[in-house]
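Q: I would like to go through this structure with you, one topic at a time. Could you take a look at it with me?

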Amino acid sequence: MLDYLFTERLGIPYVLSESVSNIATPHKVCINYSHIPLENAWNFIPDGLLNTSEITPAKSSYLTLNVLQSPFNIKEFDAFSAIFFHLSRYEEYLTNKKDEHGRFHFSDSVIFQSNCLQIPFIDLWIDDLKNILIRDYQFKSEDFKSTKHQIIPTIDVDSVFAYLGKPWY
């Protein structure tokens with residue numbers, strides 16, 4: 001999750017530490033992801049989703065969050081778990097309701113039911129994180145990786161050889 005967010009998307013290095021004594025002063029920002037708030041840190045209280053190795057029922061806050069509202073500005077909200085929840089499509093593992101091919105139907109998703117299926121809200125949240133880092137933690141726009149979007153069309157062929165050896169007429 002942190003590699004995706006900080007390395008792949010933002011292009012900024014980060015150091016993961018389990019000890020307060022390992023936090024060096026030259027860091028521009030210290031993000032504290034624990035139940036113990038630290039002074040001079042951006043504190044996030046984990047809700048447990050990223051600390052479990054089992055699939056457990058989701059917190060209602062992931063399901064009712066207004067996706068147009070940045071989770072990084074909501075006090076006592078685990079923004080990192082919310083991003084993981086939506087990127088991993090976690091809700092698909094929480095139901096036995098599947099279609100005839102064993103797939104989760106998009107209309108059962110929280111995002112569809114919130115009428116937000118066409119909104120790239122994870123991208124908006126990451127942009128908001130970037131803007132907070134610029135505004136509050138002395139980052140510059142050029143510190144971040146530039147984003148290049150592209151469309152890569154694919155073709156899903158269910159039966160590759162269904163017509164092999166058969167006439168085309």
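Predicted model: local features only at pLDDT ≥ 70, side-chain atom pairs only at ≥ 80, totals over all residues.

Q: Which residues of helix H1 are buried?
A: H1 spans residues 2-10, and Leu5, Phe6, Arg9 and Leu10 are buried in this helix.

Q: Why do they line one face of the helix?
A: Viewed down the axis of H1, the buried residues fall within an arc of 115°, so they line one face. In general, an α-helix has 3.6 residues a turn, so residues three or four places apart point the same way.

Q: And what covers the buried residues of H1?
A: The cover includes strand E1 (31-33), H3 and H5.

Q: How many helices and strands are there, and in what pattern?
A: The protein has five helices and two strands. Along the sequence, the pattern reads α-β-β-α-α-α-α.

Q: Changing topic: how many aromatic pairs does a search of the whole structure find?
A: The search gives ten aromatic pairs. In one of these, phenylalanine 6 and tyrosine 14 have ring centres 5.6 Å apart and planes at 45°, so this pair is tilted.

Q: Are those two buried or exposed?
A: Phenylalanine 6 is buried, because its relative accessible area is 7%. Tyrosine 14 has a relative accessible area of 29% and is therefore partly exposed.

Q: What about phenylalanine 85 and tyrosine 90?
A: Phenylalanine 85 and tyrosine 90 also form a tilted aromatic pair, with 5.7 Å from centre to centre and 45° between the planes. Both phenylalanine 85 and tyrosine 90 are buried.

Q: Which residues do ring pairs link into a cluster?
A: The cluster consists of Tyr33, Trp42, Phe44, Phe80 and Tyr137, linked by ring pairs.

Q: Where is tyrosine 93 found?
A: Tyrosine 93 sits in the loop between helix H3 (79-87) and helix H4 (110-113).

Q: Buried or exposed, that tyrosine 93?
A: Tyrosine 93 counts as exposed, because its relative accessibility is 56% and the cut-off for exposed is over 50%.

Q: What does it touch?
A: Leaving aside residues up to four places away in sequence, tyrosine 93 touches Ile55 and Ser88.

Q: On to charges. How many salt bridges are there?
A: The count comes to six salt bridges. One of them joins lysine 97 and aspartate 108, whose closest N and O atoms are 3.3 Å apart. Lysine 97 and aspartate 108 are each in the loop between H3 and H4, so the pair ties together parts that are eleven residues apart in sequence.

Q: How accessible are lysine 97 and aspartate 108?
A: Lysine 97 is exposed, at 52% relative accessibility. Aspartate 108 is partly exposed, with a relative accessible area of 23%.

Q: Which residue forms a salt bridge with aspartate 99?
A: The partner of aspartate 99 is arginine 103, with the closest N and O atoms 3.0 Å apart. Aspartate 99 is partly exposed at 21% relative accessibility, and arginine 103 is partly exposed with a relative accessible area of 47%.

Q: And arginine 135?
A: The side chain of arginine 135 meets that of aspartate 136 in a salt bridge, 2.8 Å from N to O. Arginine 135 is exposed, with a relative accessible area of 57%, whereas aspartate 136 is partly exposed at 35%.

Q: Which residues are linked in a network of salt bridges?
A: Arg89, Glu91 and Glu92 are linked in such a network.

Q: Last topic, the surface. Which residues form a nonpolar patch there?
A: The patch is formed by Ile155, Val157, Val160, Phe161 and Leu164, with about 610 Å² of accessible area together. Valine 157 is found in the segment after helix H5 (121-136) and counts as partly exposed, at 46% relative accessibility.

Technical notes: Residues numbered from 1 in each chain as written. Heavy atoms only, no water. Patch = residues over 30% accessible without salt bridge, like charges linked within 9 Å, V, L, I, M, F, W, Y side chains within 5 Å. Areas by Shrake-Rupley, 256 points an atom, 1.4 Å probe, with all protein chains shown as cover. Salt bridge = Lys/Arg side-chain N within 4 Å of Asp/Glu carboxyl O. Helix = DSSP H or I, 4+ residues; strand = E, 2+ residues; numbered from the N terminus. Buried < 20%, exposed > 50% of the residue type's maximum accessible area, 1.4 Å probe, protein only. Contact = heavy atoms within 4.5 Å. Phe/Tyr/Trp six-rings, centres within 6.5 Å; stacked < 30°, edge-to-face > 60°. Arc of directions from axis to C-beta.
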